[in-house]
Each structure stands twice: as structure tokens, then as C-alpha cells.
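Student: Please pick a single part of this model and take a close look at it. I want the packing, with the cut-offs spelled out.

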Amino acid sequence: MTDQELAELDRLLLDCTPRPLYQDWLAQHFPRWRWDFRHHLHLIAAIQHWYDTPGTHLGIVAPIRHGKSELITRRLPAYGLSIDPTQRWVFGGYTATFARY
């Protein structure tokens, strides 16, 4: 097969693979963490809707230490890349420590 045919086959296989929900993926890959707090469930549902609806935007406003960084900055790109490794993600951070993740 040519490289172009292999790329098309990969794309078709990705389209056919059932995609796990973000909440299920979190529970499977991070079983020692709790993702069932009420505010996490609302946030995960909003993230799932945003991820499943291309072209939409999502703004998150929540107090500090409510899981925003873990759910969005650290875990969401891993979820997205596990579904489609060809996706492109852009990261930004306000401190060097934050930007390393």
C-alpha cells in the first residue's frame, strides 16, 4: 500500500472506533482519582459536549482547586490524543511550572 492509502486506512479506522466518554476514560485511566463530585460531573459533561461539537467554545469559571487544571489542561489532551493522535493541541501557561505539563 502507498503512504496515502495507509493514511486513508488509518483515518477510516479512527472513524469506526467507538470513542469512550470522557468520564469513562478518566475512570479507566485514573482509577485512584475521584471524578464523581457534583462539580466534576457538571464540568465533565460540559467538556464532553464541547469535545463532541466541533467549532464550539467552552469557558470555565470555577474557584481555585476545583479540578480545572487536572480535567482540562492535563487530562483532556491525553483523552483527545488517545482518540485521534493526529489532533493538534495548543497549550499556554502563566508560569513555568504550569507550562511544563
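Tutor: Contact here means heavy atoms within 4.5 Å. The model is predicted, so to speak, on its own terms: local features need pLDDT of at least 70, side-chain atom pairs count only at pLDDT 80 or more, and totals for chains, interfaces and linings use all residues. Residues are numbered from 1 along each chain as its sequence is written, and side-chain values use heavy atoms, with hydrogens and water left out.

Start with Gln 48. Leaving aside neighbours within four places in sequence, Gln 48 is in contact with Leu 21, Tyr 22 and Tyr 79. Gln 48 sits in helix H3. Helices are DSSP runs of H or I with at least four residues, strands are runs of E with at least two, and both are numbered from the N terminus. Gln 48 has 10% relative accessibility, so it counts as buried. Buried means under 20% relative accessible area, exposed means over 50%, and partly exposed lies in between, using a 1.4 Å probe and protein chains only.

H3 is the part to follow. His 40 also lies in H3. At 9% relative accessibility, His 40 counts as buried. Its contacts, again leaving aside neighbours within four places in sequence, are Arg 34, Trp 35, His 66, Gly 67 and Leu 71. Ile 44 is another H3 residue. Ile 44 counts as buried at 3% relative accessibility. Beyond four places in sequence, Ile 44 is in contact with Tyr 22, Gln 23, Leu 26, Trp 35 and Leu 71. Ile 44 and Leu 26 are 18 residues apart along the chain, and their C-alpha atoms are separated by 9.7 Å.

Now H3 against H4. Two packed helices are described by the angle between their axes and the distance between the axes. Axes are lines fitted to C-alpha atoms, for helices over the stretch in contact, and angles run from 0 to 180 degrees between N-to-C directions. The axes of H3 (residues 38-52) and H4 (residues 68-83) come within 12 Å and cross at roughly 40 degrees. H3 and H4 are therefore oblique to each other. Angles under 35 degrees count as roughly parallel, over 145 as roughly antiparallel, 65 to 115 as roughly perpendicular, and the rest as oblique. From H3, the contact uses His 40, Leu 43, Ile 44, Ile 47, Gln 48, Trp 50 and Tyr 51. From H4, it uses Leu 71, Ile 72, Leu 76, Tyr 79, Gly 80 and Ile 83. These residues divide into ten nonpolar, three polar and no charged. Ala, Val, Leu, Ile, Met, Phe, Trp, Tyr, Cys and Pro count as nonpolar, Asp, Glu, Lys and Arg as charged, and the others, Gly among them, as polar.

H2 joins in. In H2 (residues 22-29), Tyr 22, Trp 25 and Leu 26 are buried. Seen down the axis of H2, these buried residues fall within an arc of 100 degrees, so they line one face of the helix. The arc is that of the directions from the helix axis to the C-beta atoms. The buried residues of H2 pack against H3 and H4.

Last, the setting. The chain has five helices and zero strands. Buried residues make up 19% of its 101 residues.
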